[in-house]
Amino acid sequence: AAPVAGVAAQRKTIVAKAKPARAAVKVTPTRATAAPASATRTSGALPFTGAELALFAVVGLALIGCGLLLRTTARHRSQM
């Protein structure tokens, strides 16, 4: 038989532990469930990634400035 690519679906039976007076409840999900859009947390800010974005902006501007400086000095030297 030819090999099949992909990942096979998995089903798992979850047995909830109840008080001794109650019987155990078995839950068998038939498909993956996602949280509804209204239940997800939204805020006006981006998630914190640990990166200091101001530092990256300063470094980027410095690189652009160095590139422009090299370009203008190279033009002056080639005209001499």
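Buried residues (under 20% relative accessible area; exposed means over 50%, partly exposed in between, with a 1.4 Å probe and protein chains only) make up 0% of the 80 residues in the chain. This is a predicted model, in which local features need pLDDT of at least 70, side-chain atom pairs count only at pLDDT 80 or more, and totals for chains, interfaces and linings use all residues. Residues are numbered from 1 along each chain as its sequence is written, and side-chain values use heavy atoms, with hydrogens and water left out.

Begin with the whole chain, whose accessible surface (Shrake-Rupley method, 1.4 Å probe; for residues, only the protein chains shown count as cover) comes to about 8,400 Å². Carbon and sulfur atoms account for 64% of that surface.

Next, colour the chain by pLDDT (the predictor's confidence in each residue, from 0 to 100). The chain mean is 74, and 55% of the residues reach 70 or more.

Now display the secondary structure: from the N terminus on, the elements run β-β-α. Helices (H or I, at least four residues) and strands (E, at least two) are DSSP runs, numbered from the N terminus. Select strand 2, residues 25-27, where confidence is lowest, at a mean of 66. Where pLDDT is low, the predicted coordinates should not be read in detail.

Move to helix 1, residues 53-79, where confidence is highest, at 90. None of the residues of helix 1 is buried, so the helix lies largely in the open.

Within helix 1, select Leu55, which is exposed, with a relative accessible area of 52%.

Finally, select Thr73, also in helix 1. Thr73 is partly exposed, at 32% relative accessible area. A polar atom of its side chain lies 3.1 Å from the backbone oxygen of Leu70.

Definitions and conventions
Polar contact = N/O pair within 3.5 Å; in protein donor to acceptor, adjacent residues only side chain to side chain.
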